Amino acid sequence: MSTSQSYQSIIVRAREIAKSFGNSAVGADHLLVALLHEKCIATTTLQALGYNVERSAKEVMAILGQTATTPNPAKTLNYTPRYIKVLKDAEDAARKMQSQEVGSEHLLIALLKVSTGFTVEFFKL
């Protein structure tokens, strides 16, 4: 299944965020931060639900910054099981909605299904 430009941008940004914090793996939390930085259907939806997306992005970045580690010298990044599950769930959501491509809205749906980690806490706010 193809992916939207916003989906692709979120994936790239999540990797960049993980690298900037010295993480050796990209996780669901990185996807959340990347999504919050993207102007897309998902952030428009969050804003409509009352989230201040810009402020939320800064807050999440600050929290992730507290857990930053020494820069990872490895040139490759791994992917956490939750990251992989979110991507799979996003694709499943797109199929169920009979969408032509996986988009940011499907990533948002998948992130809402995450049951552990900071992403859960974010959506409780």
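Me: What makes a set of residues here the largest nonpolar core, and which members touch the most others?
Reply: A nonpolar core is a set of buried nonpolar residues joined through side-chain atoms within 4.5 Å. In this predicted model, the largest such core has 36 residues, and Leu 31, Leu 35, Leu 36, Val 86, Leu 107 and Leu 111 touch the most other members. Helix 2 gives the largest share, seven residues.

Me: What does Leu 36 touch, leaving out residues up to four places away in sequence?
Reply: Its contacts are Thr 43, Leu 46, Val 53, Ser 56, Ala 57, Val 60 and Phe 122.

Me: Why is Val 33 called buried?
Reply: Buried means under 20% relative accessible area. Val 33, in helix 2, has 0% relative accessibility, so Val 33 counts as buried. Beyond its neighbours within four places in sequence, Val 33 is in contact with Ile 17, Val 60, Met 61 and Leu 64.

Me: Which residues of helix 1 and helix 2 meet, and what kinds are they?
Reply: From helix 1 come Ile 10, Ile 11, Arg 13, Ala 14, Ile 17 and Ala 18, and they meet His 30, Leu 31, Val 33, Ala 34, Leu 35 and His 37 of helix 2. Nine of these contact residues are nonpolar, two are polar and one is charged.

Methods
Residues are numbered from 1 along each chain as its sequence is written. This is a predicted model: local features need pLDDT of at least 70, side-chain atom pairs count only at pLDDT 80 or more; totals for chains, interfaces and linings use all residues. Side-chain values use heavy atoms; hydrogens and water are left out. Contact means heavy atoms within 4.5 Å. Helices (H or I, at least four residues) and strands (E, at least two) are DSSP runs, numbered from the N terminus. Ala, Val, Leu, Ile, Met, Phe, Trp, Tyr, Cys and Pro count as nonpolar, Asp, Glu, Lys and Arg as charged, and the others, Gly among them, as polar. Buried means under 20% relative accessible area, exposed over 50%, partly exposed in between (1.4 Å probe, protein chains only).
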